[in-house]
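This report covers one chain.

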Amino acid sequence: MNTLFLIKYLKHKRITVYQLSKRTGLNESNLGKILNKKTKNPRIDYLLTIAKALDLNEHEFAKLCGYEEEED
């Protein structure tokens, strides 16, 4: 998971961990552990829930999952 992407995205959109917790229904503590890299490989359902709550497009979701776009 690309936590740096998620942190930057949240900062850019001015969304707090508390707000993300409310949008996703996920525990604020678990989200904090993900953002602080204490949870190295979060469950895919967490990633999907976060992506839906933030309305990420497919490219942003790929970045969230740790996949980078290849440059031509």
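## A buried asparagine

Asn 2 is buried, with a relative accessible area of 18%. Buried means under 20% relative accessible area, exposed over 50%, partly exposed in between (1.4 Å probe, protein chains only). Asn 2 sits in the segment before helix H1 (3-13). A polar atom of its side chain lies 3.3 Å from the backbone nitrogen of Leu 4.

Leaving out residues up to four places away in sequence, Asn 2 touches Lys 63, Leu 64, Cys 65, Gly 66 and Glu 68. Contact means heavy atoms within 4.5 Å.

## Basis

This is a predicted model: local features need pLDDT of at least 70, side-chain atom pairs count only at pLDDT 80 or more, and totals for chains, interfaces and linings use all residues. Residues are numbered from 1 along each chain as its sequence is written, and side-chain values use heavy atoms, with hydrogens and water left out.

## H2 against H4

The axes of helix H2 (residues 17-24) and helix H4 (residues 44-54) come within 9 Å and cross at roughly 100°. H2 and H4 are therefore roughly perpendicular to each other (65 to 115 degrees). H2 contributes Leu 20, Arg 23 and Thr 24 to the contact, and H4 contributes Thr 49, Ile 50, Ala 53 and Leu 54.

## The whole chain

The chain has five helices and zero strands. Helices are DSSP runs (H or I, at least four residues), and strands are E runs of at least two. Buried residues make up 33% of the 72 residues. The C-alpha atoms fill a box of roughly 40 × 25 × 20 Å, taken along the principal axes.

Note on methods. Axes fitted to C-alpha atoms, helices over the stretch in contact; angles between N-to-C directions. Parallel < 35°, antiparallel > 145°, perpendicular 65-115°, else oblique. Polar contact = N/O pair within 3.5 Å; in protein donor to acceptor, adjacent residues only side chain to side chain.
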